[in-house]
Amino acid sequence: MKKNAKQKILEAAMDVFGEQGFRAATVREICKKAGVNIALVNYHFKSKKLLYMELFNAISADIDTKYPMSRYVNPEMTKEDKLKGLIQMFVHRFFGPDGLGSSKPRLRLVNREMLEPTEVMELIILQKMADIKAVGTGIFREYLGEDLPEERINLFIISVLAQCAYPMFASEILKGAGLIRSGEPEFCKYLVDHVYHFTVSALEQMRGK
């Protein structure tokens, strides 16, 4: 199907912003890559900032629609199922067929935003992290009780998130080093099981102290 001007601009913007970052990228470069007139960017997006925001809003909405939190964690579950569900959600959002890691341009764009934060960090990414923190805090308090300091709970959330995210951001290096040897579906299953059992073991040790 033939792409319209707006689609061309969005795809070109994802590449240019991902390679150069928001501040260094120019509308002129984006238009040149898209093969469109600068006036079309003004017509569809009004400004470079709003174009950038639209890209991240689209990514966020796509991930939320395809891998919604409610599919993986809900109040009726046991704490064990909630924990495993949270880990599955992370892995699927990162490694799923429509996850963040399924598109290198999209992954580069998000990685660039993490390295050189803009308003998008506060308006979109940190809002998502607040939701994850709330759910994760509830799960780990079920395991460890209400008396554990918030800092310790936060470290458990960071640990789980990092174990799921790092293999996505470093997948090419890990494959080259032979640390990821199976296909994507198999690796996702192994990763979920590993992170779950690793985390439960750490929780059991902490409860035993």
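Reply: On one side of helix H7, Lys104 and Leu115 are exposed, where exposed means over 50% relative accessible area, buried under 20% and partly exposed in between (1.4 Å probe, protein chains only). This is a predicted model, in which local features need pLDDT of at least 70, side-chain atom pairs count only at pLDDT 80 or more, and totals for chains, interfaces and linings use all residues. Residues are numbered from 1 along each chain as its sequence is written, and side-chain values use heavy atoms, with hydrogens and water left out.

Helices are DSSP runs (H or I, at least four residues), numbered from the N terminus. H7 covers residues 104-115, and its 12 residues should span 16 Å at 1.5 Å a residue; the end C-alpha atoms are 16 Å apart, so the two values agree. The expected span is 1.5 Å times one less than the number of residues.

The buried residues of H7 are Arg106, Leu107, Leu109, Val110 and Glu113. They lie on the same side of H7, because they cover an arc of only 160° around the axis; the arc is that of the directions from the helix axis to the C-beta atoms. Lys104 and Leu115 are on the other side.

The buried residues pack against four helices: H1 (5-24), H4 (48-66), H8 (119-144) and H9 (150-169). Contact here means heavy atoms within 4.5 Å.

For contrast, Ile173 belongs to helix H10 (residues 171-176), and it counts as exposed because its relative accessibility is 62%.

Terms used
Helices (H or I, at least four residues) and strands (E, at least two) are DSSP runs, numbered from the N terminus.
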